[in-house]
Amino acid sequence: MALQNFDPQAFLDRVWQREALLLKDALPGFQCPLDGNELAGLACEDGVDSRIIIENDGVWELRNGPFKEDDFSALPASRWTLLVQSVDHYLPELADLLAHFRFIPRWRTEDIMVSYACDGGSVGPHYDQYDVFLVQGSGRRRWKVGGHCSVHTPLASQTGLRLLEDFSVEQEFLLDAGDVLYVPPGVAHWGIAEGDDCITLSVGFRAPSEASLLSDYGDDIASFLDESIRYQDPKLDAKAHPAEISGDVRQHVKSLILQHIDNDAHLGRWFGEMMTRVPDQENFVDDSLSLEEFLLELADGESLQLRLGARLAFDDDYLFADGLGFPYPLDQRDDVKALCEIECGITIDIAHRLSPDMMYALFCNGTLCFYDDTQD
């Protein structure tokens, strides 16, 4: 599925992570897969990350869900926004939208956040630390885009909100249903609903900090090391100052660390698992069936699907699924690639060519589920 009048490679070469870009009528005839009432209903459910932001004469208020029905009837007539995170994990029709953005690596995909705003509703001037495609679902929203920000950019003192203290408009776009605005990390932007029933679908991409990458990799390496193996001194000089840490010692420690870090196989497995990791993955684990019972279900005609919100990637050695790496034989590479091209919520035929053990492992991990389970 492709965006209309859009050259993915030209976009990646010239625009991606550089500047904002409006893709006018990128999704012609787009029909928003949900309305404000459905979004509000989702925001009332436990475990769903939701917020309401209200602005009144420059004063901002943040309310966190889950909400009750009465909370919505008590809202003012204008200038408020409801935001719900990871709506693609609950609504198959919304998850379908991700297929339009597969020119970005699948393992970089985070989720689709949906916002509903009445007239004047907004989340204020801000910047994000990740790439986002802002798809106008219904109604109209005016986006004001500013310059690049950094950790040194002053923020206003608003409780729970990271709003910019100063915002200077460099570009302005009015989006209708089917329009898409790309905003790279660090670029200031501010979207304001013009009229009621304004729904924006924010397709966001994961961008872990370098600090978290190093910390996570270090923890992963350490988990495989034997605690009984201890630091050993390099050649010592009895005449050296007893408190000095010499250059030779630093080089010795550096080589010790590098010998553990410089391992391509370890790095590949760790990175694939980290980039497909899902929050609260333990909630999806399903060991209710034995391998034999699982295969009997398939033999009886039960259909498998990729769980909504499942994350997949692969390399030459592993199929990565929701934070785990599953080794596979070379002769199954095409099947593994095909599995990683399937969108969430779609019935899986290719999986039947994978080994029974692989299918069962993916089922127990919660990556694959039987058809009825996706409706829970």
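**Figure 1. Overview of the chain, with 10 helices and 16 strands.** Helices (H or I, at least four residues) and strands (E, at least two) are DSSP runs, numbered from the N terminus. The model is predicted: local features need pLDDT of at least 70, side-chain atom pairs count only at pLDDT 80 or more, and totals for chains, interfaces and linings use all residues. Residues are numbered from 1 along each chain as its sequence is written, and side-chain values use heavy atoms, with hydrogens and water left out. Taken along the principal axes, a box of roughly 75 × 70 × 45 Å holds the C-alpha atoms of the chain. The chain has 376 residues, and 43% of them count as buried; buried means under 20% relative accessible area, exposed over 50%, and partly exposed in between (1.4 Å probe, protein chains only). Among contacts (heavy atoms within 4.5 Å) with a separation of 6 or more, 78% are between residues 24 or more positions apart.

**Figure 2. Salt bridges of Arg-269 with Asp-220 and Glu-273.** A salt bridge is a side-chain nitrogen of Lys or Arg within 4 Å of a carboxyl oxygen of Asp or Glu. In the pair Arg-269 and Asp-220, the closest N and O atoms are 2.5 Å apart. Between Glu-273 and Arg-269 the closest N and O atoms are 2.7 Å apart. These two residues of helix 7 are four residues apart, so about one helical turn separates them. Both Arg-269 and Asp-220 are buried, and Glu-273 is buried as well.

**Figure 3. Salt bridge between Arg-333 and Asp-316.** The closest N and O atoms of this pair are 3.0 Å apart. Distant parts of the chain are linked here, 17 residues apart: Arg-333 is in helix 9 (residues 333-339), and Asp-316 is in the loop between strand 13 (312-314) and strand 14 (318-321). Arg-333 is partly exposed, its relative accessible area being 25%, whereas Asp-316 counts as exposed at 56%. The whole structure has 17 salt bridges.

**Figure 4. Surroundings of Phe-133 in the largest nonpolar core.** A nonpolar core is a set of buried Ala, Val, Leu, Ile, Met, Phe, Trp, Tyr and Cys residues joined through side-chain atoms within 4.5 Å. The largest one has 43 residues, and Leu-82, Leu-97, Phe-133 and Leu-201 have the most contacts inside it. Elements that each supply at least two residues of this core include helix 2 (36-43), strand 4 (80-84), strand 6 (132-138) and strand 11 (198-205). Not counting residues up to four places away in sequence, Phe-133 touches a set of residues including Phe-11, Trp-16, Phe-101, Phe-103, Tyr-182, Leu-201 and Phe-205.

**Figure 5. Cys-118, a cysteine in no disulfide.** A disulfide is a pair of cysteine sulfur atoms within 2.5 Å, and the count by this rule is zero. The cysteine sulfur nearest to that of Cys-118 belongs to Cys-198 and is 9.6 Å away. Cys-118 is buried, with a relative accessible area of 4%.

**Figure 6. The largest cavity and the second largest pocket.** On a 1 Å grid over the protein atoms alone, a cavity is a set of points where a 1.4 Å probe fits but cannot get out, and a pocket is an open set with protein on both sides within 12 Å along at least five of seven lines; lining residues have an atom within 4 Å of a point. Grid points are joined across faces, edges and corners, and a volume is the space filled by probe spheres set on the points. One cavity of 30 Å³ or more is found. The largest cavity holds about 110 Å³ of space and is lined by 13 residues, with Leu-98, Thr-109, Gly-309, Ala-310 and Arg-311 nearest its centre. The second largest pocket has a volume of about 410 Å³. Its lining has 18 residues, of which Leu-225, Ile-229, Leu-256, Gln-259 and His-260 lie nearest the centre. Helix 5 and helix 6 (247-261) are the elements that give two or more residues to this lining, and helix 6 gives the most, with six residues.
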